[in-house]
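Hello! Please open the sequence and the model side by side, and keep both in view while you read my notes.

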Amino acid sequence: MRIVTFKSHEEMSVFAAKYILNKVKSYSKVNLGLATGGTPLRTYELLIDDFRRNFTSYQNVYTYNLDEYCGIAQNHPNSYHTFMFEHLFNYINIPKKNVHIPKGLSDDIHQEARIYESIIDELGGVDLQLLGIGENGHIGFNEPGTPFDRETHIVKLTESTRKANSRYFESMDHVPEKAITMGIASILKSKEILLLASGESKAEAIYQMFTGEPNIDCPASVLKNHPNVVVVADKQAASKLAPIKV
Ligand code: PGA
């Protein structure tokens, strides 16, 4: 696991966008794992800028989102489905059939999770997985305590995650209590991982993931077990690492 640090969120986003574009341009077909949240927003804007200026094609890009809230429809303003179309897919030439986002409304949500995992496997697995990190060290919606061998599954969101995400909802009461998420084992199957961390609120999680052995109290620490992980952080997110010189 290596870390690259930048002075600002803007600089780290430029790096992340270039990293993704390099994959999209270098291979005839790419399976990209994508994340939602505030951190990758600027990266997505830069991909859209590039598409407008350079017409980089996404015809042969297939995407797999990490997670989705349970109990809300795809067209709900706060669904991750809506987020991805409003912040990226509507502005690039990706065919809709290439987009995969777990469904949070289903008669059998556990079956939905199994189907999602098998779709990713059958289509060749994720080549590059983009991740954010929660203040509590979660990746996807894998909260602290999630066993490392879980594949796509249903989770009960912790109060801290619901609180962090309540900024997008009318009130805390409107934040869903459950989500469907790729598991830690699903994430570890990706060939390469790019984790983005921005801001002081992520400093403790970044410190925990780099220090000590992988442990389920900090889900992101499992990435030490993966051979190809790049952590992209701004100086605030990396601030607690400075004394240990990673
Ligand atoms: P954020 O979310 O980018 O909005 O901070 C990251 C996450 O919770 O994984």
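1. Before we start, a word on the model. It is predicted, so local features need pLDDT of at least 70 and side-chain atom pairs count only at pLDDT 80 or more, while totals for chains, interfaces and linings use all residues. Residues are numbered from 1 along each chain as its sequence is written, and side-chain values use heavy atoms, with hydrogens and water left out.

2. Look for the open sheet made of three strands, in the order β4-β8-β7, with antiparallel pairing. Strands here are DSSP runs of E with at least two residues, helices are runs of H or I with at least four, and both are numbered from the N terminus. Two strands pair if DSSP finds at least two bridges between them. β4 (67–69) and β7 (153–156) are the edge strands; each has a single partner, so one side of each lacks a neighbour in the sheet.

3. Now zoom in on β7 and β8 (residues 178–181). These two strands run antiparallel and are joined by four bridges. One to find for yourself: I154 has I180 in β8 as its bridge partner. As background, strands of a sheet pair through backbone hydrogen bonds, either parallel or antiparallel.

4. Next, find S13 in helix α1 (residues 9–26). Is S13 buried or exposed? Its relative accessibility is 1%, which counts as buried (buried is under 20% relative accessible area, exposed over 50%, partly exposed in between, using a 1.4 Å probe and protein chains only). Leaving aside neighbours within four places in sequence, S13 is in contact with R42, T43 and L46, where contact means heavy atoms within 4.5 Å.

5. The whole structure holds nine salt bridges. A salt bridge is a side-chain nitrogen of Lys or Arg within 4 Å of a carboxyl oxygen of Asp or Glu. Take E117 and K189, whose closest N and O atoms are 2.6 Å apart. E117 sits in helix α4 (residues 109–122) and K189 in the loop between α6 (184–188) and β9 (192–197), 72 residues apart. E117 is buried at 5% relative accessible area, whereas K189 is partly exposed at 37%.

6. Salt bridges that share partners join E117, D121, E151 and K189 into one network.
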